[in-house]
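Have a look at the model first, then try each task before reading its solution.

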Amino acid sequence: MRLLLVEDSARLRDLVGETIRGAGWRLDAVATRLDAEEALANQQYDLVLLDLGLPDGDGTDIVRQLRRRKDPTPVLMLTARAAIDERIAGLDAGADDYLTKPFNNGELLARVRALLRRAPLSSDPVLVAGALSFDPATQEFGCAGAVLRLAPRERAMLEILMRNVGRVTLKRGLEERLSEYDAEASANAIEVLLSRLRRKLAPYPTQVAIETVRGVGYLLRETEA
């Protein structure tokens, strides 16, 4: 799942970004209406977190543009505007939900999860590899009826491998993707993370194996039951 945050406050971008990435979602963050429009034109997002008061325009105009072109991407407005008429205007413009600043991080995550559950049927389907499953909407991995408890970077790595099941995932690609969660996603850090992930998967009948293709990358291979 990939989310877009449009927020002109650098401090709030960092705080919300830490919360969203900590929950295991990928996030792009921009500060202006122009940058938001460019991002939306070049990338399909699963949800937009949108500030109304931007330095170069109003966030409601971004929502109107999305809806005019029949884009159903869920939009959660984040704003200090608490007046009821302004909230109504935002929702009437096409926003799906509204959260007034300052807000609790737990409530933010709960609202994001709720909107992702209600996302259009065109959203990412549940991934399956062997007996493993991954639901992009809830960010949960399951196996034999159990929910796997994984750290954010472990979830990110396993999702990438599952999206490439049966194909080699290049080590450099993993480093670049995981740098979204940790700027120090070096080759050695990837090996340590992979070792930890294998240990956590070991107690479950996953029917998959993570193999190292020396000098190239990693392969998630389905095995026999």
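**Exercise 1: Charges**

Task: find how far apart the mean positions of the positive and negative charges are.

Solution: Count Lys and Arg as positive and Asp and Glu as negative, leaving out His and the chain ends. Place each charge at NZ of Lys, CZ of Arg, CG of Asp or CD of Glu. The protein has 32 positive and 34 negative charges, and their mean positions lie 4 Å apart.

A note on the model: it is predicted, with local features needing pLDDT of at least 70 and side-chain atom pairs pLDDT 80 or more, while totals for chains, interfaces and linings use all residues. Numbering starts from 1 along each chain as its sequence is written, and side-chain values use heavy atoms, without hydrogens and water.

**Exercise 2: The largest core**

Task: which residues have the most contacts inside the largest nonpolar core?

Solution: Start from buried residues (under 20% relative accessible area, 1.4 Å probe, protein chains only); they make up 43% of the 225 residues. Next, join buried Ala, Val, Leu, Ile, Met, Phe, Trp, Tyr and Cys through side-chain atoms within 4.5 Å. The largest core then has 23 residues, with Leu 132, Met 157, Leu 158 and Met 162 having the most contacts inside it. Apart from this core lies another, of 19 residues, including Val 16 and Leu 115.

**Exercise 3: Around Leu 132**

Task: what does Leu 132 touch beyond its neighbours within four places in sequence?

Solution: Taking contact as heavy atoms within 4.5 Å, we find Leu 127, Leu 158, Met 162 and Val 208 among the partners of Leu 132.

Notes. Buried means under 20% relative accessible area, exposed over 50%, partly exposed in between (1.4 Å probe, protein chains only).
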